[in-house]
Amino acid sequence: MREPILKTKNMLVSLKKMNFNMYRKDFLLTWNKSTEDIKAILTLSEILRGLYRDNVNLRVFQTGLGISLFRDMSTRTRMAYASACNLLGLGTFDMDESKTQITHGETVRETSNMISFLSEVIGIRDDMFVGRGHNFMKEVAESLDEGFEKGVLGHRPAVINLQCDFDHPTQTLTDLQHLNHYFGSLENLRGKKIAMSWAYSPSYGKPLSVPQGVIALMSRFGAEVCLAHPEGYGLMPDIIDKTGEFAKGSGGSFTVTDDMKEAFKDADVIYPKSWAPFEVMEQRTRLVNKEDEKGLDELEKECLARNAEHKDWVCDEDMLSLTKDKSAIYLHCLPADVQGVSCEHGEVTEGVFEKYRIQTYRQARHKPFIIAAMILMCCFRDPVSLIDDKFRGNKHRTG
Amino acid sequence: MREPILKTKNMLVSLKKMNFNMYRKDFLLTWNKSTEDIKAILTLSEILRGLYRDNVNLRVFQTGLGISLFRDMSTRTRMAYASACNLLGLGTFDMDESKTQITHGETVRETSNMISFLSEVIGIRDDMFVGRGHNFMKEVAESLDEGFEKGVLGHRPAVINLQCDFDHPTQTLTDLQHLNHYFGSLENLRGKKIAMSWAYSPSYGKPLSVPQGVIALMSRFGAEVCLAHPEGYGLMPDIIDKTGEFAKGSGGSFTVTDDMKEAFKDADVIYPKSWAPFEVMEQRTRLVNKEDEKGLDELEKECLARNAEHKDWVCDEDMLSLTKDKSAIYLHCLPADVQGVSCEHGEVTEGVFEKYRIQTYRQARHKPFIIAAMILMCCFRDPVSLIDDKFRGNKHRTG
Amino acid sequence: MREPILKTKNMLVSLKKMNFNMYRKDFLLTWNKSTEDIKAILTLSEILRGLYRDNVNLRVFQTGLGISLFRDMSTRTRMAYASACNLLGLGTFDMDESKTQITHGETVRETSNMISFLSEVIGIRDDMFVGRGHNFMKEVAESLDEGFEKGVLGHRPAVINLQCDFDHPTQTLTDLQHLNHYFGSLENLRGKKIAMSWAYSPSYGKPLSVPQGVIALMSRFGAEVCLAHPEGYGLMPDIIDKTGEFAKGSGGSFTVTDDMKEAFKDADVIYPKSWAPFEVMEQRTRLVNKEDEKGLDELEKECLARNAEHKDWVCDEDMLSLTKDKSAIYLHCLPADVQGVSCEHGEVTEGVFEKYRIQTYRQARHKPFIIAAMILMCCFRDPVSLIDDKFRGNKHRTG
């Protein structure tokens, strides 16, 4: 299972030559990072995974804290973030808002400073309401800038987006790493058809950040990205535009269809996943702002009824048989709504999911290393030499 | 208070000669471990406690996580587990099921993998329902096996039972270590009468794992184990059988009585503690599975009423005076239901408890080191050399 | 922003000459510490902050736990405590009383021992009820003494007061450090007028510990301390007496007035903050002890109505213009009730608060280092040589 040391060495050599620029910046949206930045994160993540498996001690912080602030449930990302911090030597501190007073409004700038005196990184999940999550992260980031400039903070912690209303970069880079492995290189993504498709789920209000993040990221590597969803389940127009531009720039293509079959036809990669329509999410935010409980209940009912009209949007054997050689690679950020297992009707049938189950676990295993790579890139001027030293130092992590 | 260094050295020498075999295994039930394994855990635990008191740095993990998953309240074991992980250099991550989605059923195998990418050990308490806890731990363990075999996980974390429906090994090994100290050696347990007795408590549904674990463990060292409980408060038949076999094999004895006095008569060790009848626990699980709230309420009332018929099952001065030289050693896993302190009628009177209070604290102090010994045994091929190196290395934990 | 290394060296030299005595003691109340102890904490805190900014690795514990036990909400102190523990190498373990059984009464002594086997420090916040917090901390401390004396514990963890009903030493030492910076030295506090004033807040039941701690501490350095509050909002008489004695002993003065303007007139330092009257807090404790919910509701209403009579006790531009050169330094422990921001009427107007906002953040940044200094002083016989070694050792915290 262990990659040979030579491969790790070679990756270090290529990383040294890359022209990335993430030091003292936050990691909020992949589309604000250069393609070279993206490639550097993937390469560093693989180096870290290789060294970890070779029992190299990767502790670069002797002390320091990684703060996590989750405004929504999370198993995978919470755990991956804690693992990444721990791998590099950071303790984690979970800001539980029920025990504290951090809120939207005046005190964001105050609390941002109060939690940062000895912190190196702040990971935030705020994905529930369209128009909020990314804005909240920006407000935290600006408050930290002010605190650093005015001498409150001795250094400026990095903010990392663990899922907002726009994007979910730690997930989509994990997905991209998985494809990188599967196809052998990022270069091999060129010309591959990637179907990001809506699928039915009995739940409501799932964020748009995964499909948005997936199309905006995959379109930068020459792939034929196809987005499929029933009418009325559109994503944010700005991100659709951005994806079109990325596809054009990378020599790939970007199409949108309201036919799942069309998307799956000859696809190399399929990513069937439920989300709520953008317009519904906007209406929801307006109702939340007005604290209109009754309106919210009605919206939920309406939305679930509307979803139920599209129960045929399921990734079953028939759908799968349309894909390239009937065996496209299936991606999911997990947990999937598996028909007959966790729900009566869902995103994917039990048979199809079981076929790919272990692959989805292998997909997920990259996330801690992706996050660790982000932290290194954001916090250190020369992360490559730092890791090279760890490699040469020959210090073991255990024993 | 500090044990002399020579004693620690000698224990290392004897540990080297022992024929234990716990590497890459889980620690779920004491009766699936060899007696040599049990002795090795006790010896290593004492070595760790000695070195800790001599301020030796016992960090064997530079990074890594110990996951804890508690499905029931816990102060002592939670703290002991966190302390053991910290002693060896692991960060701890508490899986709070209210913040995550780990549940019985399909996703156990998924979540088991998701929490394990950079984890070394997973400690689980699941003791509430007969027929569930041990099965859950096995399901986690099998999921980890699959993940490791199929390349999802780079290594296989160890699963440690922090109390299930069958056994509570970190507690009973703590109890055994206390007796080891008290009598001077495990060999001296031979022929000692150990009374594991039911006692009255105003609460209902206490797990069977402590009495079961105690009789199954103590019977392996030549002791005369006597189990006492009112009619209808029986333990699991399989474990009763196992205890009989262990007693036979070790040259001790095992008897069951429905008379507390008979059990206490001439006892060297007394362990009066409440538990729920096995049959009631089984019925409870059936009602829980049916989500029969009304049935559960009735069962609780019935069971409390039945308990109340046995308020005379209390460890008071009269009971104590029956024991060997009127001064058997009193054991309890804490917290005890102390009559006149935490309840009107309870397991033990205030006077008797106060006499042994500090001894029960001294009993409890072994638990962090027992757990640390388990982690070392499960995670390292050669834990003895590892600790010997720490000893010789002369590195201080503090300063 | 970084203080020159020379300054840190000089502080180490002066600290070596100081005659402090905190080893193996708890830090519960500033007035039970000598003035030399107070000065030593401030000096060590500055040394730690300087070394931290110079990226010196301050890890003095290779393993070990810092326990925190919060019986009230906290962002700042919780975070500062976790940061201080982390800075010195301790993992933190948050005792969540909803997951455990620690309570007032019998089991305090038991639980105190159970959480201490591998712990170095126990930080407690218990500030809600007059007559409880300090007593609880003393009970924990005495239980640890017993456990240590009787061989339950191999060492005696230090107890640190993170706010009780009497005092809030980590906050007031933070405040004092801020003034130390602002005026250039503690000596320069001599003759400065410090106005600790009640101010209106729409909430009820705020602890007395900050105003009590502030007057009792500031009066030890020759300042002219003036306490202002409406009639009936008095502090604890014992602490008022103590403050008078300290003022006399230090060559300063202590006055009490019921006129906010009088307090602010020519003040060098203003600290406008709400609190509940001592008598009300006493009545509240009596009602809580009787579990008189109705009585508590009535008391709250009464108290809020009484507060509302004093809405003119607000720190606005007019008040500020009374102070020395119209520009006294404004202190607050945060979060402040800012009029027009977090409430309609509050302790301070938006304009005045905004003027000092960044200064209040700079005030707060001292707290993690104050707590770290306390831990070092309580846990190590010779903390000065220890830190001097870290300084000379030239080991980096990151990289």
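1. Two strands are taken as paired if DSSP finds at least two bridges between them, and the elements named below are DSSP runs numbered from the N terminus, helices being H or I with at least four residues and strands E with at least two. This is a predicted model, in which local features need pLDDT of at least 70 and side-chain atom pairs count only at pLDDT 80 or more, whereas totals for chains, interfaces and linings use all residues. Residues are numbered from 1 along each chain as its sequence is written, while chains are lettered from A and ligands numbered from 1 in the order in which they are written.

2. In chain B, 4 strands form an open sheet with parallel pairing, in the order β2-β1-β3-β4. The edge strands, each pairing on one side only, are β2 (91–94) and β4 (158–161) of chain B, and the twist from one strand to the next averages 20°.

3. Within that sheet, β1 (residues 65–70) and β3 (residues 119–125) of chain B are joined in the parallel sense over 6 bridges; Phe70(B) has Arg125(B) in β3(B) as its bridge partner.

4. Two helices of chain B pack on the sheet, and their angles are taken between N-to-C directions, running from 0 to 180 degrees, with axes that are lines fitted to C-alpha atoms, for helices over the stretch in contact. Helix α3 (residues 76–88) of chain B touches β1, β2 and β3 of chain B, and its direction makes about 170° with that of β1(B). Helix α5 (residues 133–149) of chain B touches β3 and β4 of chain B, at about 175° to the direction of β4(B).

5. Residues count as in contact if their C-beta atoms, placed from the backbone, lie within 7 Å, and between chains C and B this relation links 27 residues of chain C with 29 residues of chain B. On the side of chain C that touches chain B, β2 (91–94) and α4 (107–114) of chain C each supply at least two residues, and the largest share, 5 residues, comes from α4(C).

6. Chain A is divided into domain 1 (5–166 + 367–393) and domain 2 (171–364), with bounds that come from an automatic or database domain assignment. The centres of these two domains of chain A, taken over C-alpha atoms, are separated by 26 Å, and 19 residues of domain 1 of chain A are in contact with 25 residues of domain 2 of chain A. The elements giving two or more residues to the domain 1 side of this contact are α2 (35–53) and α14 (367–379) of chain A, with the largest share, 5 residues, coming from α2(A).
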